[in-house]
Amino acid sequence: MTPPIEAPNKPVSTHKTSYPPLNERILSSMTRKSVAAHPWHDLEIGPGAPTIFNCVVEISKGGKVKYELDKKTGMIKVDRILYSSVVYPHNYGFIPRTLCEDNDPLDVLVIMQEPVLPGCFLRAKAIGLMPMIDQGEKDDKIIAVCADDPEYRHYTDIKELPPHRLAEIRRFFEDYKKNENKEVAVNDFLPASDAFEVVQHSMDLYADYIVESLRR
């Protein structure tokens, strides 16, 4: 009788499975405290200011959620839902490295074809100024077009816009706080030259603020 054939003994593997090393940048971010960029202070205004400048979008065109910059963290937070049955007629945000008398960055309304997500930034070109009084305090808005939108980038002054477009913008800002029993007054729109002066003034105020902060 033929003896059974014994299967050869399989050697026990002592090899450990090797995993690819962690990416150094990932490992670095895990082992140290990182600081997020602040859109007001860390984003440059751009070399074309005060005519063409970067703008951080807080509220999308057609939106009813009132987002705004949280100045402490640099994040975009939900401030409130608009009380009135209106929506923002255009993308709305602020110009980085600017400062106004109310201690906020300068506001800007950007006319363009599409809504832009909150927190994104784009290049805007100032074409006018909307002087506004909000609850007794000055709260002017720069009216701009997207400098990279082929439908609007050729505009150079607010008088080139259709009158109905300006009427819509005015009516929105006159009405959007009425159900909060807050009074807003919108004065006559001013040309691009006035907008340039306001942007430059806000840039100068911001620069003065930085210098004063460094002295402390």
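I began with strand β1, which pairs with β6 in the antiparallel sense over five bridges. The model I am reading is a predicted one.

Next I checked how much of β1 is covered. Seven of its eight residues are buried, so I noted β1 as largely enclosed by the rest of the structure.

I then turned to β1 (residues 52–59) and β4, and found them antiparallel, with three bridges. V56 stands opposite F94 in β4, and I59 has Y92 of β4 as its bridge partner.

**Strand β4**

Is β4 buried or exposed along its residues? Five of the five residues in β4 (residues 91–95) are buried, so this strand too is largely enclosed by the rest of the structure. I followed β4 to strand β5 (residues 106–111) and recorded five bridges between them, with the strands running antiparallel.

**The cores**

Which residues of the largest nonpolar core touch the most other members? I listed M130, I143, I169, F173 and Y176, out of 24 residues in that core. The elements giving two or more residues to this core are β5, β6 (121–130), β9 (141–146), α2 (163–175) and β10 (184–186). I marked α2 as the source of the largest share, four residues.

Apart from this core I found another one, of 22 residues, which includes I95, C100, A144 and C146.

I went back to F173 for its contacts, leaving aside neighbours within four places in sequence. The list reads Y92, L109, M130, M132, K141, V184 and V186. Of these, Y92 is the residue I had already noted as the bridge partner of I59, and M130 is among the core residues touching the most other members.

I looked up the open sheet of three strands and wrote down its order as β8-β7-β10, with antiparallel pairing. Which strands stand at the edges? They are β8 (137–138) and β10; each has a single partner strand, so one side of each is left without a neighbour in the sheet. Between strand β7 (residues 132–134) and β8 I recorded two bridges, in the antiparallel sense. D134 stands opposite E137 in β8.

**Helix α3**

M203 lies in helix α3 and is buried, with a relative accessible area of 18%; the cut-off for buried is under 20%. Which residues is M203 in contact with, once neighbours within four places in sequence are left aside? I noted I45, A49, P50, R97 and T98. For P50 I also looked up the separation from M203: their C-alpha atoms are 8.3 Å apart, while the two residues are 153 residues apart along the chain.

The second residue is I210, which also lies in helix α3 (residues 192–215). I210 has 31% relative accessibility and so counts as partly exposed. I found I210 in a nonpolar patch on the surface together with Y209 and L214, and the accessible area of the three together is about 310 Å².

Methods:
Residues are numbered from 1 along each chain as its sequence is written. This is a predicted model: local features need pLDDT of at least 70, side-chain atom pairs count only at pLDDT 80 or more; totals for chains, interfaces and linings use all residues. Side-chain values use heavy atoms; hydrogens and water are left out. Patches are made of residues with over 30% relative accessible area and no salt bridge: like charges are joined within 9 Å, nonpolar side chains (Val, Leu, Ile, Met, Phe, Trp, Tyr) within 5 Å. Accessible areas come from the Shrake-Rupley method with a 1.4 Å probe; for residues, only the protein chains shown count as cover. A salt bridge is a side-chain nitrogen of Lys or Arg within 4 Å of a carboxyl oxygen of Asp or Glu. Buried means under 20% relative accessible area, exposed over 50%, partly exposed in between (1.4 Å probe, protein chains only). Two strands pair if DSSP finds at least two bridges between them. A nonpolar core is a set of buried Ala, Val, Leu, Ile, Met, Phe, Trp, Tyr and Cys residues joined through side-chain atoms within 4.5 Å. Contact means heavy atoms within 4.5 Å.
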